Amino acid sequence: MRSIFLIARREYLTYVGAWGFWISLITTPLIMVVFGAAPTLLRNAEPARLVSVIAADPLDAAAIKMGFAEEEKARLRGALRLAAQSAPDAGAKAASEAFDAASDSDSALAAALAVLAKTDPQLAKSFKAPPPAYVFVDPPARDAAGLAPYLKGERLIGEGKAGKPLFAAFLVERTGTEARIAYWSDNVTDTEARGLARDGLRERMRAQALIERGLAPSSLAQIEQIKPKLVQFRPGEQAEITNRDRAPFLVAIGLAFVLWMSIFSISNMLLTGVIEEKSNKILDTLLTSVAPTHILAGKLLGVAALSFTLFLIWGGVGGTFLFQAAAGSGGLLAGAAEALRDPWLLVIFAISFVLGYVMYGVIFLAIGSLCESLQESQALVSPLFLMLVAPMLLLVPALQNPDAPLVVGASWVPLFTPFVLMMRAASGLSLWEAAGPLALTALTALGVLLAAGKVFRAGATSQLSIADLRRFMPGAKKAAKA
Amino acid sequence: MSDHALQVSGLVKTYGSHRAVDGVSFSVARGSVFGVLGPNGAGKSTTLRMVVGILAPDKGEVSILGGAVSRQSLRRVGYLPEERGLYRSMTPSGILVYWARLKGVAAPLARKRAIALLEEHGLGGYAHKRIKALSKGMAQKVQILGAMIHEPELIILDEPFSGLDPVNQQTVEALIRAQGRAGRTVLFSTHVMEHAERMCDHIVLFARGQAAFCGAMGEALASVPRAALLETEGGFDLAAALQPQGFAAVEEAPGDGVRRWRAGLDGKDASRRLLAACVSAGAPLTLFEPTKATLHEAFVRLVGDAASPADPRKSLGWRTPVDVGA
């Protein structure tokens, strides 16, 4: 036990004393924030795209522009909703209703901010509307041939540094009731702009068709305003579902991601650490003092202690910020703070971490013990990394439906259980749904621990190497004969 | 208590179809400085790794300090592996304390010993610097000190001189001698004969996984036929002059105005008898120098034969090395 403690202590102190630890301490939360905010940031960072529409009927051009305006309004609504998540639910809901009641983006934003200012004046004052994604400009030419140099960027719209290429041009051709939009753009992969143009013109064509069939234009405007009011409930609960109720699901997904990131990076640390010791024969010196199983246990404990330090710092700093922010507001932040106080989520997180860490940790340690270099380990590590990445593909489906058959099925696969069960943890799991997969994973982890322990023992003492394993791989014998 | 710090008997280790160690036996007396010699790939390191329990032998037995190889007995053994390295981000004192504590030394004593050892070997100023800031020679010294920090009864060093410059080789040599003087048993492997020749009481010579010779250093040197170097002035034919008196002289490369000869020395007082024969033959001698056999010559003679497919033990007059070094 003493040697296990000494090895664990050395591992812990070495990693904590390394720059890498402090860098990952800071960068991991930043990476998570960047990943979460990346789509919005990228969108906002991109300069507005210049588009033009050429149509014989000015109303067709106006309809297409309306299609884009609707999208800009939806984007503005999303940004406002995101910003209002820290506001109390009642305020955020009222602001949202005021926004929807207004006809255009500018008045919608003004109305929403006016409502929001009553419950959270600071937020209303600091809110910045995202820049427009598309800006309509007068067509620089009247036909495709004339537009081509602008679309290719050979000629620019505007002068000097302010000049930009034309992103797309829509040429509308009408034949009776039929309409055709020729979409010209140098970008062949982005389908958003053409979709918006088609939707805008389709609205007009439908309106025209209805009017031709006898519907009064005033009635048409009224009909377009008709939409049901949607209120969301959950079985067994009387109150309407709010952001606060959605928070635990987001927290569970967030914890699953933290769990995955931790196990992924820790496994890498274990792998590189043991390869370093194997390649420079430190392992030989250790083996004259300590049993291989004690080395394995010491390394696992040392790096586990490192993870707990990370969790403690992240949890302490993040939790303090979250609870501070949640104290003065409601909505999503308050819900997230509440969810983090829920022992159920934390217990699932702790058990999942221990099982996932032991299972993946010993596998990586065993692989490391077989290899003299990182390059040598790649043959075995690459498929394992792919396996580790697989449960992350379920993040979005699990958020949308934690009880989807695929998600439930994956939670019973021991290699995925720690992550997928964490994703599902807020969905009201029965004891069986949680205990079953965890018990199965615990058994698997025990089996992996025993098997990997044997491999580590053989690898550390150079009785087994990656070359020996290759002999058992399919096709290896055939290749050797050839 | 056994007189032997180490006894190895019939060790065999096979990797696939390759027999890396093939029935090796030898013993190391307590308090001796013992050399394990042989070319690369002869099975030295594999044998030493079996001795310290890193590898399990397919056959054979190892007895360390009078008992079987166990974690407990290995606490009294210091080991320096071949192709070594250190934790680059640790400090020399940190590493020494770590190794000592793993060997069961209490923390305060380990710290005290580490600083004292580093000071003693000129590394006091580097005690708290990171290993990556040290030169290769310094790092290697730290590693050797790591094998000694717990004051083991038996110190096993696998190629301790490899990769060191001549100055550092001398330092390591002094370190090993000091351990020997302190009454500890030191066993080291090397393929540099001069080190073993200068330091060892007893040696084992490895070839193709077998112990081709095991015995006292003098015994190995005695296996090399003795000879004398002679120089004569003018055109004097020494070979012809000595032949009737029962000595064979062979001319070597000619010198500047002199002829050089090598004459074999066989039997008691051969050196004195040869000189008398030269004088009685009226040889105009300018040099008479009986040569000293080197371990390199002994190695080539002994292991050169052993490397052949024939059973080396027959041609070398192998004897069971139970009492070697005692």
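**Sheet and helices, chain A**

I started with helix α8(A), residues 192-212, which lies across β1, β2, β3 and β4 of chain A and runs at about 160° to β4(A). For contact I took two residues whose C-beta atoms, placed from the backbone, lie within 7 Å. Helices are DSSP runs of H or I with at least four residues, strands are runs of E with at least two, and both are numbered from the N terminus. Angles run from 0 to 180 degrees between N-to-C directions, and axes are lines fitted to C-alpha atoms, for helices over the stretch in contact.

Housekeeping: this is a predicted model, where local features need pLDDT of at least 70, side-chain atom pairs count only at pLDDT 80 or more, and totals for chains, interfaces and linings use all residues. Residues are numbered from 1 along each chain as its sequence is written, while chains are lettered from A and ligands numbered from 1 in the order in which they are written.

Next I looked up the sheet itself: 4 strands of chain A form an open, mixed sheet in the order β2-β1-β3-β4. I count two strands as paired if DSSP finds at least two bridges between them. β2 (134-136) and β4 (178-185) of chain A are at the edges with a single partner strand each, so one side of each has no neighbour in the sheet. Neighbouring strands are turned by 25° against each other on average, direction ignored.

I then checked β3(A), residues 166-175, which pairs with β4(A) in the antiparallel sense over 8 bridges. R174(A) has A179(A) in β4(A) as its bridge partner. Helix α3(A), residues 58-83, also packs on the sheet, touching β1 (49-55), β2 and β3 of chain A; its direction makes about 150° with that of β1(A).

**Helix pair α14/α15, chain A**

I found α14(A) (343-370) and α15(A) (374-389) packing at about 165°, axes 10 Å apart. The two are therefore roughly antiparallel (angles over 145 degrees count as such). On the α14(A) side I noted Y360(A), I363(A), I367(A) and G368(A), which meet S377(A), L380(A), V381(A), L384(A) and L388(A) in α15(A). By class this contact has 7 nonpolar, 2 polar and no charged residues. Nonpolar covers Ala, Val, Leu, Ile, Met, Phe, Trp, Tyr, Cys and Pro, charged covers Asp, Glu, Lys and Arg, and the others, Gly among them, are polar.

**Chain B against chain A**

Last, I looked at where the chains meet: 20 residues of chain B are in contact with 18 of chain A. On the chain B side, α3(B) supplies the largest share, 3 residues. That side divides into 11 nonpolar, 3 polar and 6 charged residues.

Methods: Parallel < 35°, antiparallel > 145°, perpendicular 65-115°, else oblique.
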